[in-house]
Amino acid sequence: MSKRRKVGNPLAFAVLGSLFERPMHPYEISTTLRERGKDQSIKVNYGSLYSIVAALEKHGFIEAQEKIREGNRPERTVYRITSAGQAEFEDWLTNLLGTPSREFHPLEAGLAYLPGLQPDRAVELLEQRLALIDTKIREMTGTHKLMDSRGLPRIFWVESEFRLALLHAESQYVHQLAEEIRTGALGGSVFWRKAWKTYLEEGIAPGDQLKDPVKYFGQDFAWMREGPPETQ
């Protein structure tokens, strides 16, 4: 279970992490995050950066160190992390690394209602997703090879490595699922296809078919009268 924090926006974590390295003004923080690609790993809304900085200062996690002016640019406030901010950053980082949290993936939400599409359409969309994922995998793999060839230590891009590992896992799963739907190897495929066929040819909605599953799907689906077995 994630801890409720005084400033819980993920951008606040990135700000603390940046200031843990050295004092910066907000514009320098945003530039550093972009240059290092941290906004690919942390949900960042740059439009709320200054309000996040104000909230962190309000709660004593950071404090103004000095005001600087560069040329004709507006005056900027340089912030530094406080001891309370260091403790907050370390606790936050400890929680992120050591405690699994439940993430709601958009693909999982779609799979929860997979029968809402005809099987062939579902395969089409999964293959569309697969093509995009595999393109991203190739791009990221190329980027990693480039960083490695330039001698950039992996410690500075392990988060990108993790993201690539997730993409590989998703690609493998989506490929297998699409193939199982296409060949009918996915459990329930017979029911799925027949339900759609009956709906398209006879206009009987799936919900109405389920009221008498044996009539529409055969004796093997008698269990539907009682509903699916309970899970713990």
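The legends below describe close-up views of a predicted model.

View 1. Two packed helices are described by the angle between their axes and the distance between the axes. In this view, the axes of helix H1, residues 10–21, and helix H4, residues 83–98, come within 10 Å and cross at roughly 120°. The crossing in which H1 passes H4 is left-handed.

**View 2. Residues of H1 meet residues of H4.** On the H1 side the contact is made by Ala12, Phe13, Leu16, Gly17 and Phe20, which meet Gly85, Gln86, Glu88, Phe89, Trp92, Leu93 and Leu96 on the H4 side.

**View 3. The largest nonpolar core has 23 residues.** Within this core, the members that touch the most other members are Leu11, Val15, Leu16, Leu19, Ile52, Leu56 and Ile62. At least two residues of the core come from each of H1, helix H2 (26–35), helix H3 (49–58), strand S2 (76–81) and H4, and H1 gives the most, with seven residues.

**View 4. Leu19 and its contacts.** Leaving aside residues up to four places away in sequence, Leu19 touches Met24, Ile29 and Ile62, and also Tyr79, Arg80 and Ile81. Apart from the core that holds Leu19 lies another core, of 12 residues, including Leu114, Val174, Ile181 and Trp196.

Definitions and conventions:
Residues numbered from 1 in each chain as written. Predicted model: local features only at pLDDT ≥ 70, side-chain atom pairs only at ≥ 80, totals over all residues. Heavy atoms only, no water. Axes fitted to C-alpha atoms, helices over the stretch in contact; angles between N-to-C directions. Helix = DSSP H or I, 4+ residues; strand = E, 2+ residues; numbered from the N terminus. Left-handed = near helix turned anticlockwise from the far one by under 90°. Contact = heavy atoms within 4.5 Å. Core = buried A, V, L, I, M, F, W, Y, C linked by side-chain atoms within 4.5 Å. Buried < 20%, exposed > 50% of the residue type's maximum accessible area, 1.4 Å probe, protein only.
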